[in-house]
Amino acid sequence: MTTVTARAVEYPADGMTMVGHLALPAGAGLRPAVLVGPEGTGLGDVERRRAEALAELGYVALAFDLHGGRYLSDPEEMLARCLPLLDDPDRMREIGRAALEVLCAEPRTDPDRIAAVGYGTGGAIGLELGRAGVGLRAIGTVNATTTGRPGEAARIRCPVWAGVGSEDPIMPPARRDAFTAEMQAAGVDWRLTVYGGALHAFHHPPVDHSVVAGVGHHPRHARRAWRDVVDLLAECLPVTEAPGHGTDEHADAGQRSPSPTD
């Protein structure tokens with residue numbers, strides 16, 4: 001593992017001042033970059049650690065905000081904000097594009113090598129960026145087998161990987177089937193991994209507040225899902241030397257994956 005630097009970054013989106021978490025790898029020169037989207041509760045320490053773990057692998061990583069600097073621990077408040085958001089692709093794209101602008105404004109970011117990795121609502125936002133035609137290199141989601149407006153998935157120009165728990169009542173088999181049918185009809189290079197016995201948000205360590213029904217941590221599958229995310233990035237967004245920007249000491253770092261959830 002290498003030393004990373006991280007800082008909070010403020011930016012406007014969805015009528016609020018968002019507060020993201022930007023993590024930079026050691027070294028100098030351009031690096032591939034990853035947008036990290038949080039669950040519906042919003043940006044917390046788990047997502048900050050994930051951004052820093054990706055920076056340890058050589059990526060510029062921005063964990064973006066959903067709720068104007070707030071973490072919504074009350075399930076009713078979270079649902080009251082997220083359900084309308086998930087029904088509004090244009091709002092999701094606005095939030096995603098605002099974060100993408102922040103990531104691209106970082107001098108270490110290679111603007112031609114960016115991926116989106118998201119969980120729950122954050123994963124849905126990553127998918128909407130793809131459906132909007134944003135030139136991402138990969139989209140990875142956990143607990144976000146959401147479908148979009150008819151025909152727009154054809155704009156996705158990168159591989160899509162989705163992970164979901166087999167016992168997730170929020171993303172049941174019918175929703176998974178609709179998602180895969182949409183991806184297949186659009187000609188997307190897609191993959192779906194179903195983690196046996198896992199509930200919704202299985203990747204997230206236990207929390208000390210109330211959660212919606214059907215949520216539960218699965219430590220073994222959480223580690224597997226993280227490895228699957230890292231493998232997706234290693235395949236589609238390898239940390240290699242950017243032309244004209246010096247030697248990259250992190251080449252092939254995608255094979256070494258510090259876990260932010262252990």
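This is a predicted model: local features need pLDDT of at least 70, side-chain atom pairs count only at pLDDT 80 or more; totals for chains, interfaces and linings use all residues.

To begin among them, select arginine 93 together with glutamate 128, whose side chains meet in a salt bridge with an N to O distance of 3.0 Å. Colour the two helices involved as well: arginine 93 belongs to helix H3 (residues 89-105) and glutamate 128 to helix H4 (residues 121-131), so this pair ties together parts that lie 35 residues apart in sequence.

Are these two partners buried or exposed? Arginine 93 counts as buried, because its relative accessibility is 8% and the cut-off for burial is under 20%. Glutamate 128 is likewise buried, with a relative accessible area of 2%.

Glutamate 152 sits in the loop between strand E6 (138-142) and strand E7 (160-165), while arginine 93 lies in helix H3, so the pair ties together parts that are 59 residues apart in sequence. With a relative accessibility of 13%, glutamate 152 counts as buried.

From glutamate 152, move to arginine 155, with which glutamate 152 forms a further salt bridge, the closest N and O atoms being 3.8 Å apart. Arginine 155 is partly exposed, at a relative accessible area of 40%.

Now widen the selection to the whole network: salt bridges link Asp90, Arg93, Glu128, Arg131, Arg149, Glu152, Arg155 and Glu182. As background to this stop, side chains of opposite charge can pair when their charged atoms come close.

How far apart are the end C-alpha atoms of helix H1? They are 16 Å apart, which agrees with the 16 Å that its twelve residues should span at 1.5 Å a residue.

Within helix H1, highlight Val46, Glu47, Arg50, Ala51, Ala53, Leu54 and Ala55, which are its buried residues. To see what surrounds them, display strand E2 (16-24), strand E3 (31-37), strand E4 (60-63), strand E5 (109-119) and helix H6 (219-236), against which the buried residues of H1 pack.

For the last stop, continue past the end of H1 to glycine 58, which follows the helix and has a positive phi, near 105 degrees.

How values were computed. Residues are numbered from 1 along each chain as its sequence is written. Side-chain values use heavy atoms; hydrogens and water are left out. A salt bridge is a side-chain nitrogen of Lys or Arg within 4 Å of a carboxyl oxygen of Asp or Glu. Helices (H or I, at least four residues) and strands (E, at least two) are DSSP runs, numbered from the N terminus. Buried means under 20% relative accessible area, exposed over 50%, partly exposed in between (1.4 Å probe, protein chains only). The expected span of a helix is 1.5 Å times one less than its number of residues. Contact means heavy atoms within 4.5 Å.
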